[in-house]
Amino acid sequence: FGLVLPAAAADFTITDRTGDVLTTDSSGQIKEVQRPNVDIQTITATKNGKVLQVDLTLASNGKIQNSVDFYYDIEIETNSNYYTAVYYYGEFTIEDDNGAIDAISYSGVGTNKLTFSFNLSGDSEVVQNLSGFTGETSTDNEYSDQFPDLEILTVSVSSDVKTAYVNQAIRFTGSVQGDSSNLDWTWEFGDTEPVSGSATTTHTYTQPGVYTVNLTVSNSDETR
C-alpha cells in the first residue's frame, strides 16, 4: 500500500514581468532594463498552521546577492497584521506591526530564490496581499524593481502663447499618458519657488527674459 501526499498549495502568489527593472538614463528619463539580480519573477506565500513560508524568485539567470550594493524587501499583508522582511548584506530581519520577530529559517543566497519562514501571530491569519521591492546601487547607476509595478507616465506641457509680454498672464496646461488619477502637480516657472497646483495653471512674469517651465507629476508613492 502506498500513499502519495501532494505538495502544499501556495496560499498566495504574485507574478511580475521580467526585464522591467527601472533605472534613470543620462538624460534623466526612467527606462526599463535587464538586471536579473534584482528582477522579481514571483513571490509565493504558503501557510502551514502558524508557519508561513515565503519564496522570492528572481529571473532565471539572477542570484540573490550578499553585497552592500543589493537589498531585497518583501511585504506581507494578512487579515490582522503587516510583515516586512528584508535581506541585506548577510542579515535577514522580519518586523510586524509590533516590532522585530524571529525568523525560523532563511536560505537561497547565491541562487535565484530567497526562501524564509516565520510564525504568524495566530492560526487564523490569512495572507491577503504580497509586494516586493529590490534594489541595486552600482558604480554607474541605481536599479530597482518592485511589484506592484510603478507605471511610467509621460508628462508634457503646453502654453497658450510662446512669446508674451511682461505682466501678461500665461496659461499652462500639463498632461500625462497613463493613469492620471490622484496625482499632484508641481510647477516651476524659472523665476519663483515651485508651486503646487493642478494640471492647468496661470503665471505672470514681471521681468523680461527666457524662462524654462518644468512640471513634476507625482503620487504618494513615486514621482512620475
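Strands E10 and E11 (residues 113–119) run antiparallel to each other and pair over four bridges; strands here are DSSP runs of at least two residues, helices (H or I) runs of at least four, both numbered from the N terminus, and two strands pair if DSSP finds at least two bridges between them. Keep in mind that this is a predicted model, where local features need pLDDT of at least 70 and side-chain atom pairs count only at pLDDT 80 or more, while totals for chains, interfaces and linings use all residues. Residues are numbered from 1 along each chain as its sequence is written, and side-chain values use heavy atoms, with hydrogens and water left out.

**The five-stranded sheet**

- E10 and E11 belong to an open, antiparallel sheet of five strands, ordered E1-E4-E5-E11-E10.
- Strand E1 (12–15) and strand E10 (103–107) sit at the edges with a single partner strand each, so one side of each has no neighbour in the sheet.
- On average, neighbouring strands of this sheet are turned by 10° against each other, direction ignored; axes are lines fitted to C-alpha atoms (for helices, over the stretch in contact), and angles run from 0 to 180 degrees between N-to-C directions.

**The three-stranded sheet**

- Another open sheet has three strands in the order E17-E16-E19, again with antiparallel pairing.
- Its edge strands are strand E17 (195–197) and strand E19 (214–218), each pairing on one side only.
- Neighbouring strands in this sheet are turned by 30° against each other on average, direction ignored.
- Strand E16 (residues 184–188) pairs with E19 in the antiparallel sense over five bridges, and Thr186 stands opposite Thr216 in E19.

**The second largest pocket**

- How big is the second largest pocket? Its volume is about 390 Å³, taken as the space filled by probe spheres set on grid points that are joined across faces, edges and corners.
- A pocket, on a 1 Å grid over the protein atoms alone, is an open set of points where a 1.4 Å probe fits, with protein on both sides within 12 Å along at least five of seven lines; lining residues have an atom within 4 Å of a point.
- The lining counts 19 residues, and Lys162, Ala164, Ile170, Tyr205 and Tyr211 lie nearest the centre.
- Strand E14 (154–159) and strand E15 (169–177) are the elements giving two or more residues to that lining, and E14 provides the largest share, three residues.
- By type, the lining splits into 12 nonpolar, six polar and one charged (nonpolar: Ala, Val, Leu, Ile, Met, Phe, Trp, Tyr, Cys and Pro; charged: Asp, Glu, Lys and Arg; polar: the others, Gly among them).

- Val157, in strand E14, is partly exposed at 37% relative accessible area; buried means under 20%, exposed over 50% and partly exposed in between (1.4 Å probe, protein chains only).
- Beyond four places in sequence, Val157 is in contact (heavy atoms within 4.5 Å) with Phe172, Thr173, Trp187 and Leu215.
- Val157 and Leu215 are 58 residues apart in sequence, yet 7.2 Å apart C-alpha to C-alpha.
- Thr201, in strand E18 (residues 200–204), counts as buried because its relative accessibility is 17%.

**Positive phi angles**

- Most residues other than glycine have a negative phi.
- Tyr89, in the loop between strand E7 (82–88) and strand E8 (91–96), has a positive phi of about 50° and is partly exposed at 48% relative accessibility.
- Asn167, in the loop between E14 and E15, has a positive phi of about 70° and is exposed at 54%.
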